[in-house]
Amino acid sequence: MDLAQIAFFVFAAVATAAAVGVISVKNPVHAVLLLVLTFFSVACTWIIAGAEFLGVALILVYVGAVMVLLLFVVMMLDIDTAPLREGYVRYLPVGLVVAVIMLVEMLTLIGVKANVATAFPADPSAGGNTQWIARALFTEFLLPFEVAAVILTVAVIAAVTLTLRRRVGARHQSPSAQSRVRAADRVRIVKMDAVKPVAPVADVPAEEGKP
C-alpha cells in the first residue's frame, strides 16, 4: 500500500465521518460546516483517483457557491439578530477545526503529488478526462445535464423564497401597480391668480404736542 492509497482511505474516512455528523448534529450551522468538509474530502478522493476535473468542479461549485448560499439561508432564517451576533464565538471552534482539516488535506495532496510519481493516474482517453467529460456531457448526457440545471435553478429560487418575510409596516414594490401609473395620477396642475405684494406701511412719527 503506497502513500496515495493511504491518503485515499484517510480522505474517505474523513468524508464518511463528516457526512454522519451532518445528519446527527442539532445545530444547522455546524451541519453546514460539516457538509463543506464532506464535499472537500470527497473532492480530494476524486483528485487522487485521477478525476481532477470533478474534484475541482466540486470545490468551486458546491463548496464555493452552493454551500455559501445554503449557509446564508440558514443564517437568514434566524429572525432575532442578537443571537446571530453572539453565535460567532460559538461557531468559531467548529469553523477552525474544519479549516484546519481542509488545510491538512491540501498539504497531503501536495505531498502525495511531490513524493509519488504515479499518485494521480492519467486518464487513458486522449486529451485527459476534462476533454472526455466535456464531449460526453454535451453529447450523450445533454438532457440529464439540462434537467440538473433546471433543478438547481428551482432550488435557488426556493432558497430565496424562504428568506421572504412579510413584516407589518414594511413597504414593498408592486410592479403591476407601477406599470399602471398615469401622468394624470401623479402630476396635478393648479391655476392660481396672481397676487401683487402689499407695500409695507411706513411708520409715521407722532406730531409734537399731541398725545
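Trainee: In this predicted model, is Leu60 buried or exposed?

Mentor: Leu60 belongs to helix α3, and its C-alpha atom is separated by 9.9 Å from that of Phe40, a residue 20 positions away along the chain. Its relative accessible area is 60%, and since the cut-off for an exposed residue is over 50%, Leu60 counts as exposed.

Trainee: Is Ile48 buried or exposed?

Mentor: Ile48 has its place in helix α2, and from C-alpha to C-alpha there are 9.7 Å between Ile48 and Phe11, although 37 residues separate the two in sequence. The relative accessibility of Ile48 is 5%, and because a residue under 20% is classed as buried, Ile48 is buried.

Trainee: How many residues of α2 are buried?

Mentor: For the chain of 211 residues, buried residues make up 20%. Helix α2 has 21 residues and is largely enclosed by the rest of the structure, because the number of them that are buried is 16.

Trainee: How far apart are the end C-alpha atoms of helix α2, and what span should its residues give?

Mentor: Helix α2 covers residues 28–48, and Gly50, which follows it, has a positive phi, near 105°. At 1.5 Å a residue, the 21 residues of the helix should span 30 Å, and this agrees with the model, in which the end C-alpha atoms are apart by 31 Å.

Trainee: Which pattern does the chain follow along the sequence?

Mentor: The chain contains eight helices and zero strands. Read along the sequence, the elements therefore give only one letter, and the pattern is α-α-α-α-α-α-α-α.

Trainee: What does UniProt list as "transmembrane region", and how much of residues 141–164 is helix?

Mentor: The unreviewed UniProt entry lists residues 6–25, 32–49, 55–79, 91–112 and 141–164 under that name. In the model, residues 32–49 are 94% helix and 0% strand, with end C-alpha atoms 26 Å apart. Residues 141–164 have end C-alpha atoms 36 Å apart and 0% strand, and their helix content is 88%.

Trainee: Which helix supplies the largest share of the lining of the largest pocket?

Mentor: The largest pocket holds about 580 Å³ of space, and of the 17 residues that line it, the closest to its centre are Phe53, Leu54, Ala57, Leu137 and Phe145. Helices α3 (52–76), α5 (128–137) and α6 (142–162) each supply at least two residues of this lining. The largest share amounts to six residues, and the helix that supplies them is α3.

Trainee: By class, how many residues in the lining of the largest pocket are nonpolar, polar and charged?

Mentor: Leu, Phe and Ala count as nonpolar, and among the residues closest to the centre of the largest pocket are Phe53, Leu54 and Ala57. Over the lining of the largest pocket there are no charged and no polar residues, and the number of nonpolar residues is 17.

Trainee: Which kind of aromatic pair do Phe8 and Phe9 form?

Mentor: The whole structure has three aromatic pairs. In the pair of Phe8 and Phe9 the ring centres are 5.9 Å apart and the angle between the planes is 75°, so with planes over 60 degrees apart the pair is edge-to-face.

Trainee: What is the arrangement of the rings of Phe39 and Tyr62?

Mentor: The pair links distant parts of the chain, with Phe39 in helix α2 and Tyr62 in helix α3, 23 residues apart. Tyr62 is partly exposed, at a relative accessible area of 32%. The ring centres of Phe39 and Tyr62 lie 5.3 Å apart and the planes are at 50°, so the pair is tilted.

Key: Residues numbered from 1 in each chain as written. Predicted model: local features only at pLDDT ≥ 70, side-chain atom pairs only at ≥ 80, totals over all residues. Heavy atoms only, no water. Helix = DSSP H or I, 4+ residues; strand = E, 2+ residues; numbered from the N terminus. Expected span 1.5 Å × (residues − 1). Buried < 20%, exposed > 50% of the residue type's maximum accessible area, 1.4 Å probe, protein only. 1 Å grid on protein atoms, 1.4 Å probe; cavity = no way out; pocket = protein on both sides within 12 Å on 5 of 7 lines; lining within 4 Å. Points joined across faces, edges and corners; volume = space filled by probe spheres on them. UniProt positions renumbered as here; feature names shortened; annotations may be inferred. Phe/Tyr/Trp six-rings, centres within 6.5 Å; stacked < 30°, edge-to-face > 60°.
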